[in-house]
Amino acid sequence: MKKAGIIGIGSYVPDRVVTNLDLEKMVDTTDEWIKTRTGISLRRIGPENACTSDMGAEAARKALEHARLSPENIDLIIVASASPDMIFPSTACIIQSKIGASNAAAFDIQAGCTGFVYALTCAVQFIVSGMYKNILVVGAEMLSRITDWEDRNTCVLFGDGAGAVVISEVEEGGILSSYLGADGTGADLLILPAGGSKEPASIDTVAKRRHFIQMNGNEVFKFAVRILEEAARKATEKANLSMNDVDYIVPHQANIRIIDAAVKRLKFPREQLVMNLDRYGNMSSASIPVALDEAYRDKRIKRGDIVLLVGFGAGLTWGANLLEWSID
Ligand code: COA
């Protein structure tokens, strides 16, 4: 059976930094509260004249360059985003046009903050089946556009950014296992209610701020701790490995207390966690690929390392990919 793996990676975050002190001027919060309750100090916010596909295209170009492929070599683009440019066309089609990947099919995946894990898992199936050779997987988010900047419960959590990988057949290593799950009975816990067919945009939906993220923080918190542990265990078991074999976990960067509680249950060493939450906040589908890119660039993750990506988020959804890093 063919093996699929990451052969190129890149990421992009906007220049503008928003500090907790900046947020103190906007809502009733404090730097101390945000740091201790979430672990976040800074986040990046995209420029007014940009949108999700601009950041995704930027990350995609870097991943292509790293993989030494030209855009024409890409057969498929899968974009994971909870903050797409628009309902349709897909952000994947817009990125296809922006980078000139004229031979690629393109579609979006909506799986909340698990989007990148879902998209990567999907890409692997196209490679191992032999249908496609080179697939671009992008996690891109401009969450600042769908964040309610008057709601202190949510606005302190999110940030903008994008990460991308190229998936192709590899000889050694690659994706060893994938595990996905969903529970739609928890759909209301993390939701952007209006703007779709259920609640089309109206003066009323705008006045009631229903075009912004709404969240039941406590319930999502409990779900996330439980499911992070479960997804990590399921993916490692599927590959016939144990947590002791894992060199690094790259978790979805939602809240430091969620991650601390889950890795404690997993008895996994904290120093082997890849984190960037303090600098970027929660970038949804972009959190995992940006963190992975940074850990590779600063030479923490090296060829042969066993790396576990674990995501969880709106849907509710969750999932994990276990991989053996196969690039120098
Ligand atoms: N600044 C100051 N106080 C805040 C605040 C803020 N930014 N946000 C909430 N509070 C207040 C609440 O209003 C509440 O006040 P009250 O007791 O007077 O009602 C108090 O802090 C405690 O709220 P609570 O919800 O119990 O806090 P918490 O410790 O659970 O932390 C979250 C809140 C949102 C940080 C936490 O629940 C969380 O991270 N949940 C998961 C969110 C997430 O990761 N979502 C994305 C998943 S992909």
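In which loop is Pro 89 found?

**View 1. The cis peptide bond between Phe 88 and Pro 89.** Pro 89 is found in the loop between strand 4 (76–80) and helix 4 (91–99), where helices (H or I, at least four residues) and strands (E, at least two) are DSSP runs numbered from the N terminus. The bond that joins Phe 88 to Pro 89 has an omega of about 5°. This is a predicted model, in which local features need pLDDT of at least 70, side-chain atom pairs count only at pLDDT 80 or more, and totals for chains, interfaces and linings use all residues. Residues are numbered from 1 along each chain as its sequence is written, and side-chain values use heavy atoms, with hydrogens and water left out.

**View 2. Two further backbone features, at Leu 316 and at Asn 240.** A cis peptide bond, with omega of about -5°, joins Gly 315 and Leu 316, and Leu 316 has its place in the loop between strand 12 and strand 13 (317–324). Asn 240, although not a glycine, has a positive phi of about 55°; this residue lies in the loop between helix 8 and strand 11 (248–251).

**View 3. The largest pocket and its lining.** A pocket is defined on a 1 Å grid over the protein atoms alone as an open set of points with protein on both sides within 12 Å along at least five of seven lines, whereas a cavity is a set of points where a 1.4 Å probe fits but cannot get out; lining residues have an atom within 4 Å of a point. The largest pocket holds about 1,100 Å³ of space, a volume being the space filled by probe spheres set on the points, which are joined across faces, edges and corners. Its lining consists of 40 residues, and those nearest the centre are Ala 82, Pro 84, Gln 110, Ile 146 and Leu 192. At least two lining residues come from each of strand 5 (105–109) and strand 9 (190–191), and at least three from each of domain 1 (4–172) and domain 2 (176–324), with domain bounds taken from an automatic or database domain assignment. By class, the lining has 20 nonpolar, 13 polar and 7 charged residues (Ala, Val, Leu, Ile, Met, Phe, Trp, Tyr, Cys and Pro count as nonpolar, Asp, Glu, Lys and Arg as charged, and the others, Gly among them, as polar).

**View 4. The second largest pocket, between the two domains.** Because domain 1 (4–172) and domain 2 (176–324) both give residues to its lining, the second largest pocket lies between them. About 550 Å³ of space lies in this pocket, which is lined by 26 residues, with Asn 153, Leu 157, Met 215, Gly 217 and Asn 255 nearest its centre. Two or more lining residues are given by each of helix 2 (31–38), helix 6 (152–155), helix 8 (217–238), helix 9 (256–266) and strand 12 (306–313), and the largest share, 5 residues, comes from helix 8. The lining of the second largest pocket divides into 13 nonpolar, 9 polar and 4 charged residues.

View 5. A side-chain N or O atom of Thr 29 is 2.6 Å from a nitrogen atom of the ligand, while a polar backbone atom of Arg 152 is 2.9 Å from a ligand nitrogen atom. For Gly 217, a backbone N or O atom lies 3.0 Å from a nitrogen atom of the ligand. On its own the ligand has 950 Å² of accessible area, and the protein covers 74% of that area (Shrake-Rupley method with a 1.4 Å probe).

Definitions and conventions. Polar contact = N/O pair within 3.5 Å; in protein donor to acceptor, adjacent residues only side chain to side chain.
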